[in-house]
Amino acid sequence: MPNTSVAVTVDGLTKQFRTGGEPLTAVDELSLEIAAGSMVALTGPSGSGKSTLLHLVGAIESADTGTIVVGDRDITKLRRAALAAYRRTIGFVFQRYHLLPALSALDNVIAPVLPYRVDFDRAARARELLTAVGLAGRERALPAQLSGGQQQRVAVARALIGEPALLLADEPTGNLDSGTGAEILDLLLRLRAERGMTVLLATHEQHIAARCDRLIRLRDGRIAEDLDLTGGDDDRDSTLTRATQLRL
Ligand SMILES: Nc1ncnc2c1ncn2[C@@H]1O[C@H](COP(=O)(O)OP(=O)(O)OP(=O)(O)O)[C@@H](O)[C@H]1O
Ligand SMILES: [Mg+2]
């Protein structure tokens, strides 16, 4: 079941938070083009705006100014019903999995599409996805009965139930040891190759960012560095040496 990937074009995007006192600019006049089907790592220090940017692209937060074109739609112009429909076309993976503790792995995967009329068999697709993420046989397990890595696999399967053209992941490996984190990244790379979706992920980890097609480093809500990692291995190594010097 191939997904159709989408390009994302962000232009002049600004988001401020006002919590009394001076407004804080989390994303500052940011412009960015992401090619359809690419896998892009967002890095940068804590507070640099990675999560805010993902939330804006995922329409979890609304922008103050600027546009975000996903596919052929400017999502900053969408109103309620259209916005809800847009959210159903993207997948979101969080650092802390956010699984519902009382539901089985299978029911967690089904949960996002439960309120909607869909033209596929929900349980059958959820089973297929759990198999794709390596959890065949664990459909009935509760989150507490699964390891952190397994819970994140469930969260990845859940994010894919609507066959998203765009997958957003906020530190999907941040709570995992480096080996398990690398496995989750293998999974995302494989699913991206199989399904052709665009992936935008925030990470603090060099070894995760290194395996993406492109590394964008944010600082104070702006792009501080934008590195193409799709060259040959030699190019990648020298590019990453530079990235390491930049201290991700
Ligand atoms: N809901 C909010 N209310 C007020 N300020 C916020 C809110 N969300 C984010 N911020 C502020 O916006 C800035 C950017 O935060 P953001 O969470 O996007 O950073 P980040 O790069 O994801 O950081 P981290 O690596 O720690 O996850 C920070 O200064 C943060 O305190
Ligand atoms: Mg964050």
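Close-up 1. S6 supplies 3 residues, the largest share of the lining of the largest pocket. Keep in mind that this is a predicted model. The pocket itself has a volume of about 710 Å³. Helix H2 (80-87), strand S6 (90-93) and helix H5 (148-160) are the elements that each put two or more residues into the lining of this largest pocket.

**Close-up 2. The centre of the largest pocket.** With a volume of about 710 Å³, the largest pocket is lined by 27 residues, and those closest to its centre are Arg87, Arg88, Ile90, Pro112 and Ile161. Sorted by class, the lining of the largest pocket comes out as 15 nonpolar, 5 polar and 7 charged residues.

**Close-up 3. The second largest pocket and who sits by its centre.** This second largest pocket holds about 200 Å³ of space. Its lining counts 15 residues, and Glu61, Ser62, Ala63, Ile75 and Thr76 are the ones closest to the centre. Two elements give two or more residues to the lining of the second largest pocket: strand S4 (65-70) and H2.

Close-up 4. Which element gives the most to the lining of the second largest pocket? That would be S4, with 3 residues.

Terms used: Residues are numbered from 1 along each chain as its sequence is written. Chains are lettered from A and ligands numbered from 1 in the order in which they are written. This is a predicted model: local features need pLDDT of at least 70, side-chain atom pairs count only at pLDDT 80 or more; totals for chains, interfaces and linings use all residues. Side-chain values use heavy atoms; hydrogens and water are left out. On a 1 Å grid over the protein atoms alone, a cavity is a set of points where a 1.4 Å probe fits but cannot get out, and a pocket is an open set with protein on both sides within 12 Å along at least five of seven lines; lining residues have an atom within 4 Å of a point. Grid points are joined across faces, edges and corners, and a volume is the space filled by probe spheres set on the points. Helices (H or I, at least four residues) and strands (E, at least two) are DSSP runs, numbered from the N terminus. Ala, Val, Leu, Ile, Met, Phe, Trp, Tyr, Cys and Pro count as nonpolar, Asp, Glu, Lys and Arg as charged, and the others, Gly among them, as polar.
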